[in-house]
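Subject: Structure for you to look over

Dear colleague,

I am passing on the structure below, together with some notes on what was found in it. Please read them with the model open beside you.

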Amino acid sequence: MVLFGVLVMFQVFSLPGQFAHMAQESPEDAYLRWPVTIVTVFWVLCVQVVIVATWQLLNLVKNDRIFTEASLKWVDAIVWAIAAAWAVLVGVFLYVGFNANDPGLPLLLFLLTVGVTVLGLLMVVMRALLRQATTLRTDMEAVI
């Protein structure tokens, strides 16, 4: 809950303020202020979706309802949030990669893209395992 509140503050105040300050300090890059603000706020939104979905999954675990269809919609929310963040990250990586004169930032973005890709694939595998476990539990309950 606290993390979610901190992220909201970060989204509303810190990120827009930081990029406004950067635009004032570097007028030649001021045209990037709003695109970078929108992209970073979107990424924080994706993290917030993952936090809320994880929170809901933990509630389902606590209530011993994790192996139900209700849990799959929350895992889907996590997968879609990661996929959306990944798609925007790839776009940023390509834009920066084609316009950079220093390999540092494109390399960092490449590493982030690989990390988010691995995380997304891991969540797809976890979703498939949850689906199988849910089906197995449902079948077992039908037998008993």
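R137 counts as partly exposed because its relative accessibility is 27%, where partly exposed covers the range between buried (under 20% relative accessible area) and exposed (over 50%), with a 1.4 Å probe and protein chains only. Please keep in mind that this is a predicted model, in which local features need pLDDT of at least 70 and side-chain atom pairs count only at pLDDT 80 or more, while totals for chains, interfaces and linings use all residues. Residues are numbered from 1 along each chain as its sequence is written, and side-chain values use heavy atoms, with hydrogens and water left out.

Salt bridges

The structure holds four salt bridges, a salt bridge being a side-chain nitrogen of Lys or Arg within 4 Å of a carboxyl oxygen of Asp or Glu. One of them joins D64 to R137, with the closest N and O atoms 3.3 Å apart. This pair links distant parts of the chain, since D64 sits in the loop between α2 and α3 whereas R137 belongs to helix α4 (residues 104-143), 73 residues apart. The loop that holds D64 runs between α2 (33-62) and α3 (69-99); helices here are DSSP runs of H or I with at least four residues, strands are runs of E with at least two, and both are numbered from the N terminus. The backbone at D64 also deserves a look, as its phi is near 55°, a positive value in a residue other than glycine.

R137 also meets E141 in a salt bridge, at 3.4 Å from N to O, and both of these residues lie in helix α4, four residues apart, which is about one turn of the helix. Through shared partners, salt bridges join D64, R137 and E141 into one network.

A further salt bridge brings together the side chains of D76 and R127, at 2.3 Å from N to O. Because D76 lies in helix α3 and R127 in helix α4, the pair ties together parts that are 51 residues apart in sequence. With 25% relative accessibility, D76 counts as partly exposed.

In soluble globular proteins, nonpolar side chains tend to be buried together.

Overall form

The protein has four helices and zero strands. Its radius of gyration, taken over C-alpha atoms, is 20 Å, whereas a compact globule of 144 residues would have a value near 15 Å, by the rule of 2.2 Å times the number of residues to the power 0.38. Along the principal axes, the C-alpha atoms fill a box of roughly 70 × 30 × 15 Å. Of the 144 residues, 23% count as buried.
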